[in-house]
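Me: Can you walk me through this one? I'd like to start with the pockets.

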Amino acid sequence: MSRHLAFWRYNNGTYLDNQMVYEESCCEENPVDGLAALPISDILRRVDEVFNDYDKLDGRNYESSKGSFSISATKQSVLFDCGWSMAESELNKIIDIMLEFGCPLYDPQIETRFDSDDTDKLNQRWQEAYKANPRVYENTNGEILVGFALTEDTDSLFPLVPEQQWAIEGQTIGSWIITTVSLTNPQGGIIGQMEYHEAMKRLQPHIIASADNWALIRGMTHSELDSLFDGLPRN
């Protein structure tokens, strides 16, 4: 599983369908009228400078303990294929490099380009998203459990590290869990439950943005929530 970060720059007075540009230029590597030519050699040199602590496996593949990524480029666009475990801070380095060359991020996972118009839309989604609230349970062994519900088709704000947000005075929290909830099953109800930090790792490709220990998770389909449990029991 990987996350794609796509970049290009429009000529003055031009704005095209971003998904079409992504498919034609980044994926099919076809020329697209209306896109500016990019200084690819300068961009690659800047990537080498910023990621000089990574092992460069060949001309355009990079790897370290922080993550891995590869680069493909045309004369008009650059596509970064990043490992799903790559930290958000490392992804932001790539975004900052490309902004130096006038190329805002296009995220094909959510079909959003982060120019001024799309940034306004993102801010609105952040404001309107459901903010996860913990529920506290005690199991038969007396262990304290704290759970959060992630509901189908709902943009949601979840803490990246819940221990930094909540504690119960005088008690030890034994487990943090995320419960995924269906809206489309005939009976609705629970799809499955997973340990919190494992769930957040698997949710990385679906995180639109993060700030101040909160992650904005886009609304996910039933099948996407179900696929989170590949290889895991549904506790």
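Reply: Helices (H or I, at least four residues) and strands (E, at least two) are DSSP runs, numbered from the N terminus. This is a predicted model, in which local features need pLDDT of at least 70 and side-chain atom pairs count only at pLDDT 80 or more, while totals for chains, interfaces and linings use all residues. Residues are numbered from 1 along each chain as its sequence is written, and side-chain values use heavy atoms, with hydrogens and water left out.

Me: Which element gives the largest share of the lining of the largest pocket?

Reply: That is α3, which supplies 5 residues, and β1, β6, α4 and β14 each give at least two as well. A pocket here is an open set of points on a 1 Å grid over the protein atoms alone, where a 1.4 Å probe fits, with protein on both sides within 12 Å along at least five of seven lines; lining residues have an atom within 4 Å of a point.

Me: And which residues lie nearest its centre?

Reply: Of the 18 lining residues, I95, F114, L122, I208 and A209 lie nearest the centre of the largest pocket.

Me: What lines the second largest pocket?

Reply: Its lining includes Y130, R135, F148, I177 and Q193, and β9, β10, β12 and β13 each give two or more residues.

Me: Switching to strands, how do β9 and β10 run?

Reply: β9 and β10 run antiparallel, joined by 4 bridges, with pairing requiring at least two DSSP bridges. They form a hairpin with 5 residues between them, where G142 in the turn has a positive phi of about 85 degrees.

Me: In what sense do β10 and β12 pair?

Reply: Those two pair in the parallel sense over 8 bridges, and V146 has W176 of β12 as its bridge partner.
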